[in-house]
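Good morning, and thank you for coming.

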Amino acid sequence: MRSLERLALRLVRALDSACHRLLGWRYNPLHQSGSIAVALLTLLILTGLYLLVVYRVSAPWESVARLQADPWIGRWMRGVHRYASDALVVAVAAHVLRMFAQARGWGARTLAWTSGVLLLFLLLISGWTGFVMVWDTFGAQLAMAGARLFDALPILSEPVGRTFAGDREIPSAFFFLNLFLHVALPLGAGVGIWLHVSRIARPTLLPPRPLMWGIGLGLLALALFVPAPLPPEADPFHYTATVPLNLFYAFWLPLASSLPVWAAWAGAGATLGVALAIPRLTRRPREGSWSPSVVDPRLCTGCEQCPKDCPWEAITMRARDDDRPTLVAHVDPALCVSCGICAGSCPPMGVGPAHRTGRDQLVDIRALARDVLSVAGAPQVVAICCENAAPTHLDAVRREGAVVQTVTCSGNLHSSVVELALRGGASGVLVFSCPPRDCRGREGPKWLTERMFNGRDAELQERVDRRRVATATMVVGDLAHTLATLREFRASLAPLGSGGAVDLTELDVECESGAALVEAEER
Amino acid sequence: MSLPISRLAALSAASVAALVLLRAASFVPVHDVRSDSAWVRLSWSARPERIEHCRRLSDAELAERPAHMRLRLECEGRFARYGLQLMVDGAVVLVDTVQGGGLRNDRPMHVLRETPLTPGTRAVRVVLVRLDTLSTPDAESEGVATPESDAVLGDRGAREREERQRRSEEGIPPQLSLDTTVTLGAGRVLLVTYDGEKRALATRTGGS
Ligand code: SF4
Ligand code: SF4
């Protein structure tokens with residue numbers, strides 16, 4: 001499963017890289033596949049409302065043909081509905097691929113993954129019913145394939161397939177049932193989406209406006225210039241030579257039709273089983289970079305910042321069991337995804353996953369200052385890079401003369417680390433993050449900027465010269481941008497002079513006074 | 001966002017390509033292998049006949065029963081099975097046994113079979129024959145009234161006879177057959193169905 005994940009990650013990076021070159025990272029649709037799916041669903045509901053008014057269960061194909069014959073509204077409305085439903089499958093597939101590739105489907109994210117699988121299932125059923133409702137050659141083929149599968153189950157004594165055999169009219173109730181499901185399932189999907197995002201704080205449900213309008217207008221243009229054709233009405237007495245198959249919803253049809261029914265069911269069951277088992281198959285032991293965050297109650301001052309910042313609502317404030325008058329933070333390991341954002345949010349560095357707390361970061365940067373910065377001939381730029389952003393850029397950044405320090409997420413970074421790097425001899429600190437919409441910690445770049453420049457806890461101290469600190473985005477496929485950002489930053493430092501190292505013990509004392517207190521307490 | 005011309009051109013080309021791909025994958029012409037053959041489709045629902053062993057109750061036995069349970073004939077049995085055969089140009093292409101649906105086979109018998117043929121003019125013969133034999137019918141099971149039954153059961157006797165008559169008429173005849181010669185092109189379907197009113201097999205091809 002790990003090698004499959006790695007393969008998927010390579011594919012995701014290759015696709016990202018192409019999108020970054022074309023669109024830039026801000027509008028990379030692959031970063032916002034989930035929110036694009038929600039936007040497309042909204043578009044489907046809006047266009048569907050119009051189609052619903054025109055559709056007749058007593059004359060399904062004829063009513064769609066009437067729509068199709070109306071060049072002013074009907075044809076393009078149907079086209080947009082059809083193409084948006086196809087694009088929805090693409091968006092969902094991209095979302096699933098990204099979550100799988102980035103190992104974001106297990107642990108606290110299991111509910112999101114499982115509800116996502118069910119949402120996908122609802123989407124497919126809703127799509128199938130939409131095609132059947134039209135009752136053209138493709139809709140009929142889909143219905144017959146479904147009937148073949150159902151009739152193999154010992155549920156109904158009368159084969160469903162007899163409905164389409166031609167010895168009687170297909171009852172309106174059949175089309176009504178399809179219509180009902182087609183309308184009810186997307187509405188039910190609303191509940192599914194709520195469940196899907198229920199474990200996360202501040203979910204982003206819509207993509208940036210330019211992207212949203214771009215996709216909407218693109219689909220409209222497609223519907224206007226290449227209208228969705230209406231295949232001939234289904235005829236129970238005639239199998240036409242070719243059927244216009246919709247690959248997005250019926251990719252399985254040619255295979256399922258050529259397999260024995262039991263094999264088709266087994267294939268469907270196995271696919272669903274594997275999809276539902278992904279959280280189990282991809283889970284990691286909760287150690288190392290997957291270890292959950294822990295609170296050191298001796299350091300926690302009860303400031304309530306970490307519950308505000310945690311993107312997974314894994315932290316709550318509780319009463320203390322000692323005599324201090326404040327509350328104490330508590331991490332629920334079952335909800336924690338080890339993103340480490342809380343490590344950057346805690347002024348006294350009292351919370352974070354093992355080996356990634358602010359205090360651990362201070363140890364690392366102190367070593368860097370001692371071993372690298374202090375022995376360098378001239379003050380260096382320290383580039384603190386998110387290890388997920390663009391690993392292949394790190395060597396180039398080093399060759400460009402920066403000292404590279406990696407973090408699991410830029411949102412992990414404690415502001416004291418930046419201060420310590422500057423005091424340790426760095427001429428400036430440039431923090432590279434993933435694109436905000438592609439952050440595995442969800443809100444890393446956002447909180448980083450807030451902490452560095454807008455006074456959010458744990459904020460960068462006022463004494464730090466902000467001109468020597470910058471944040472930027474590093475994306476695969478755009479090394480030129482990474483290097484240009486670095487050069488620009490370095491150029492901006494030139495007029496400021498060397499800065500200069502100071503005795504780090506002073507800062508250590510400031511940063512670690514809480515810890516010293518604890519140690520004294522322990523003694 | 002201001003884009004250089006070259007990037008704008010690349011972006012436009014990529015968007016058009018994505019939309020064209022979307023459109024292409026939305027309507028992929030796939031050959032339906034069923035259109036290579038002509039087809040005979042057998043499709044109907046009908047009630048199978050009931051195979052019963054009946055005992056005629058005496059007046060004394062009837063009198064012992066609660067009024068609402070008085071039936072002159074007390075029957076036990078099951079529903080008949082039928083042999084289905086399809087022949088094309090004299091060759092048997094389908095042999096099957098069909099029976100009523102449900103766990104006790106007491107539901108209508110649903111038939112849905114499709115058999116491919118070589119397109120052209122074909123002599124098609126369909127035969128449906130009851131495989132189980134009925135018990136020897138007595139006067140009452142044939143719906144004939146006797147003075148004895150009417151004396152004890154009154155109206156209920158008549159209703160019982162009517163009910164039995166109706167059930168036997170609802171059942172499919174013990175033997176059905178259909179012979180027809182049709183010309184079917186590739187992808188065309190000859191439907192053979194059961195006409196409940198005429199109590200006979202009937203054919204349909206599209207548009208007729
Ligand atoms: S590591 Fe911290 S911020 Fe991230 S989910 Fe766990 S508790 Fe929340
Ligand atoms: S940020 Fe730190 S001090 Fe504040 S509540 Fe959380 S653990 Fe306690």
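Which residue in S10(B) is the bridge partner of Leu42(B)? The partner is Val192(B). This is a predicted model, in which local features need pLDDT of at least 70 and side-chain atom pairs count only at pLDDT 80 or more, while totals for chains, interfaces and linings use all residues. Residues are numbered from 1 along each chain as its sequence is written, chains are lettered from A and ligands numbered from 1 in the order in which they are written, and side-chain values use heavy atoms, without hydrogens and water.

Let us stay with chain B. Strands here are DSSP runs of E with at least two residues, and helices are runs of H or I with at least four, numbered from the N terminus. Strand S2 (residues 38-46) and strand S10 (residues 189-195) of chain B run parallel and are joined by 4 bridges; two strands pair if DSSP finds at least two bridges between them. Both belong to an open sheet of 4 strands with mixed pairing, in the order S7-S2-S10-S11. S7 (109-117) and S11 (200-205) of chain B each have a single partner strand, so one side of each is left without a neighbour in the sheet.

I turn now to the nonpolar cores, sets of buried Ala, Val, Leu, Ile, Met, Phe, Trp, Tyr and Cys residues joined through side-chain atoms within 4.5 Å, where buried means under 20% relative accessible area (1.4 Å probe, protein chains only). The largest has 54 residues, and Leu88(A) is among those with the most contacts inside it. Helix H4 (residues 74-101) of chain A gives the most to this core, with 8 residues.

Methods
Buried means under 20% relative accessible area, exposed over 50%, partly exposed in between (1.4 Å probe, protein chains only).
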